[in-house]
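Here are a few friendly notes to read alongside the structure.

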Amino acid sequence: MLIITLNAPETLNAFTGPMHTSMSRIWDDVNDDPDVHVVVLTGAGRAFSAGGNVIAMQKKIDDPDSWDAGMPEARRIVFRMLECDKPIIARVNGHAVGLGATIALLCDIIIAADHAKIGDPHVNAGLVAGDGGALIWPQLIGFARAKEYLFTGDLMTAAEAERIGLINHVVPADQLDEKVYGLARRLAGGAIRSIRWTKQTVNIPLRQLAHSMMDLSLSLETQSNLTKDHQEAVWAFAQKRRPSFTGR
């Protein structure tokens with residue numbers, strides 16, 4: 001069993017540039033390591049991941065080249081997680097938001113503590129949910145529910161996420177390790193080749209869908225990085241006020 005930890009607890013594991021790069025590269029290592037049979041992905045501290053770093057967003061507005069440089073990584077994260085044939089269990093120890101939610105939901109099995117909340121508020125930052133949210137949410141909970149949550153950016157409780165099928169299980173926080181690592185040990189002790197090949201087969205439609213969607217969705221998110229609404233959202237966050245969007 002390999003445990004991968006998002007480790008920036010002081011910022012609720014919001015993705016820095018180096019974290020984003022590492023997440024895009026680690027899955028090749030996981031896939032090629034003969035000693036790894038199961039992966040547990042979790043966050044340090046009290047959150048799974050707060051997603052994007054809002055303060056760093058201003059840099060990407062001022063320097064669009066820095067945004068563009070991250071797009072191949074964003075694409076690679078989605079594809080490599082879907083292509084990795086080792087089972088990945090998300091140990092959602094706290095809130096999973098934006099990119100953090102996407103990465104959790106791209107895992108094969110998602111188990112959350114009962115205090116966790118999950119959501120993708122890209123639109124509340126004036127951005128398109130293009131880095132995987134628009135891909136994975138409809139596949140898990142259907143188009144109607146997915147569009148409501150992606151259009152509003154609302155967070156839901158772990159209990160609600162389990163009820164509608166977004167995640168597999170919600171458990172009390174003090175039972176999270178028992179549930180996650182018990183399942184991980186069970187899978188690691190199973191017919192691992194059959195499990196891996198089953199994952200490959202099940203993920204074929206998701207991989208095909210990703211090939212049809214990701215280039216356009218990342219392109220549209222790139223365009224939204226240059227909108228006035230996104231700049232307004234970043235200013236509003238820095239000034240601790242509600243944004244006033246104009247649709248531009």
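1. Please start with the open sheet of five strands, whose order is E1-E2-E4-E6-E9 and whose pairing is parallel. Its edges are strand E1 (2–6) and strand E9 (169–171), each of which pairs on one side only. From one strand to the next, the twist averages 20°. Do keep in mind that this is a predicted model.

2. A handy landmark is Leu6, which stands opposite Gly43 in E2.

3. Which helix lies across E1, E2, E4, E6 and E9? That is helix H8, residues 176–188.

4. E3 runs parallel to strand E5 (residues 95–97), and two bridges join them. To locate this spot, find Ala47, which stands opposite His95 in E5.

5. Now to the helices. Two packed helices are described by the angle between their axes and the distance between the axes. Helix H3 (residues 64–83) packs with helix H10 (residues 204–224) at an angle of about 160°, and their axes are 11 Å apart. Because angles over 145 degrees count as roughly antiparallel, H3 is roughly antiparallel to H10. The crossing of H3 past H10 is right-handed.

6. Which residues make this contact of H3 and H10? From H3 come Trp67, Asp68, Met71, Ala74, Arg75, Val78, Phe79, Leu82 and Glu83. H10 supplies Leu206, Arg207, Ala210, His211, Met214, Asp215, Leu218, Glu221 and Thr222. Sorted by class, the contact of H3 with H10 holds ten nonpolar, two polar and six charged residues.

7. On the H2 side, the contact is made by Val54, Ile55, Met57, Gln58 and Ile61. On the H11 side, the residues are His230, Gln231, Val234, Trp235 and Phe237. How many charged residues does the contact of H2 with H11 have? It has no charged residues, with seven nonpolar and three polar ones making up the contact.

8. Finally, step back to the whole chain, which has eleven helices and nine strands. Its radius of gyration is 17 Å, close to the 18 Å that the globule rule gives for 248 residues, so the chain is as compact as a globular protein of that length. Taken along the principal axes, the C-alpha atoms fill a box of roughly 55 × 35 × 35 Å.

How values were computed
Residues are numbered from 1 along each chain as its sequence is written. This is a predicted model: local features need pLDDT of at least 70, side-chain atom pairs count only at pLDDT 80 or more; totals for chains, interfaces and linings use all residues. Side-chain values use heavy atoms; hydrogens and water are left out. Two strands pair if DSSP finds at least two bridges between them. Helices (H or I, at least four residues) and strands (E, at least two) are DSSP runs, numbered from the N terminus. Axes are lines fitted to C-alpha atoms, for helices over the stretch in contact, and angles run from 0 to 180 degrees between N-to-C directions. Contact means heavy atoms within 4.5 Å. Angles under 35 degrees count as roughly parallel, over 145 as roughly antiparallel, 65 to 115 as roughly perpendicular and the rest as oblique. A crossing is left-handed if the near helix is turned anticlockwise from the far one by less than a right angle, and right-handed if clockwise. Ala, Val, Leu, Ile, Met, Phe, Trp, Tyr, Cys and Pro count as nonpolar, Asp, Glu, Lys and Arg as charged, and the others, Gly among them, as polar. The radius of gyration is taken over C-alpha atoms; the globule rule is 2.2 Å times the number of residues to the power 0.38.
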